[in-house]
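Here are some notes for a colleague who has the coordinates open.

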Amino acid sequence: MTRLALSTRSPDGGFGGVALSDADLAWVEGQQRRTLGDAARAGLRVLRAPSVAIPGAVFLLIVIGCFLGPQLFNLPSPNAGSLGDTLKPLGTPGHLLGTNELGNDELSRLLYGGRVSIIVGIGATAISLLVGTLLGMSACYFGGFYEKVVMRLFDTLLAFPSLILAMTIADYLGPSLRNTVLAISLFGISQFGRLAWSQTLRIRNRDFVVAPRADGAGGRRIIFGHILPNVLPPLFGLALFSVSTAMMIEAGLSYLGLGIAQPNPSWGNMISDGQQYLYNAPRLVIIPCLALVITVVSLNLVADAIRRRQEARS
Amino acid sequence: MARWIIDRLIQTIVVLICATVLGFLLVRLLKGNVLYALLGNNYTPAAAAHLRQELGLNKPLPLQYLDWLGGAVHGNFGTSAVTQEPVGHALLAALGPTVELLIGAQLVSLALTLLVTAASVRWRWTDRLATGFALLFSSIPPFVIGLLMIILFASTFHLLPAIAWASPSTAGWGANLRGMIMPAVALGVSIFPNYMRVLRTQVNEQLDDEEYVTLARMKGLTGRRVLARHVIPNSLSGLVTLIALTTGLLISGVVIVEQVFAIPGEGSLVYQSITNRDANTLEGSILLIAVAVVLFNLIGDLVQMRLDPRIRVK
């Protein structure tokens, strides 16, 4: 209803024949709320801009390449090499990127490693997004002692250097894909939580949040139906940055030997394995580094472009 | 003002206690029996039980934590199970290289930031190039930058030694600084994008919006004078806070970079204590790092309040 009324605004600022002063207009627009449908439509519109679409396409290409590539190109298994093929250079027939010290095909290891990195990045972000947003929104909405406890929890997690937390948890749980995802998601929870908290703080006294209580709406309905669509935009921007950060942390953890264990490839442990051959076969280090950089850069470009559009619009 | 300081101090202590409790729990969760490590070949159940009682490991957890806390307040962090030396000594010895690395990284990134900002204010194309590079460097984890630098400078061009940590007391400052160049640059380059973003926004805001810039130009000051004398000092407040906050973030990066360049600093100490299941050292270093991070955040806030009179607490 409010949307239609504003769209028939006459040039002098009133709508439908009623002249509104600037202050009134600002008040009305400030009360403007977004529904989930609005949020979805805005999201799709953002994807059409070339500054978002081009790096986004690169990233999608990488994802598709990692998940479908090995089947499409009939690559050998990442751990199926023999020592007779050790350290073959680039361009060997059958091994496009050469082989590593155990004779495993580099390209295959690269793509399988990419799968791991992407899964960890998206998985860790998804978990921290869900848990952090829920905690942050509910803490701000319900307030009181619950809010104090949750905020102290976030502060503690933030004061703790994220990598050390992730290292200890990964070491405790043992190196595996699932445990790496869990360890990395812990830090993101406090980031998403604080952002969700501050955004909810901004709108928790607005009419469209308070009014549904008269309808009999309970806390859960208000949080999911009314608060969530309005706090979503900045959270989405943070989520994209978070995916690339999670990928970098995973690479660091695997490099230290605390993430994905051998013989499963991950860009991080490929780098640490290749480090011994830094002088005679630097491509073993350069190739996974390049893969990591290109993926993270494309994601950051998308995130940056979206953030710029949000800032330009607000 | 005094009330704010007391408030802040209480918050700091609460966060520190929470961080150390979290660290304590994590450390106790580390699998692996420290008793095996200590007794080695002399392991018998009786000896293990005796040692357990001696070390106080059979007391309930909260009591163990309070014991540790009591000791920590007096500066006694216990003995490392692995090296049999007091943890305090190990922490102090490892502090030097890490502090040197942190200072070096901050200097490098500040120098880069000021240079690039000055250039980009003068020539527009530098601005765009710099923003592009900044995005690129913020997407590359510091250990990847370090490894690529090793490949470039050490392996290909033989300019700088790769693994060349030399203690200044034994090998002199020349060798020490020579070994520190690459790790400091690797870390500095990874954080310089954040600084540049903030400084650039501030400087542009000052140049576009502030009246004193126009007044200075009307008085006849040339571009560089205006920049150096008026604009940059006013833009520094946000940057100074960021410097303090980033030091906390740098600590995570330091852990991996120290592994890449084999520097015996706090980061290496943490990593080794995690993999060696050395609970006392890990606990002590977690406390040290948490204190450092919280302290730097506090300093950042205080400095910002001092520099920018608009943010004073009422």
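1. Two residues are taken to be in contact if their C-beta atoms, placed from the backbone, lie within 7 Å. On that basis, residues 24 or more positions apart account for 72% of the contacts in chain B with a separation of 6 or more, and the corresponding share in chain A is 68%.

2. This is a predicted model, in which local features need pLDDT of at least 70 and side-chain atom pairs count only at pLDDT 80 or more, while totals for chains, interfaces and linings use all residues. Residues are numbered from 1 along each chain as its sequence is written, and chains are lettered from A and ligands numbered from 1 in the order in which they are written.

3. With helices (H or I, at least four residues) and strands (E, at least two) taken as DSSP runs numbered from the N terminus, chain A has twelve helices and zero strands, and chain B likewise has twelve helices and zero strands.

4. A residue is buried if 20 or more other C-beta atoms lie within 10 Å of its own, exposed if 12 or fewer, and partly exposed in between, with C-beta atoms placed from the backbone. Buried residues make up 44% of the 314 residues of chain A and 35% of the 314 residues in chain B.

5. A nonpolar core is a set of buried Ala, Val, Leu, Ile, Met, Phe, Trp, Tyr and Cys residues joined through C-beta atoms within 7 Å. The largest has 139 residues, and those with the most contacts inside it are A:I164, A:A166, A:M167, A:I184 and B:L187. Helix α10 (residues 219-256) of chain A gives the most to this core, with 18 residues.

6. Leaving aside neighbours within four places in sequence, A:I164 is in contact with B:V255, B:V270, B:I286 and B:I289.
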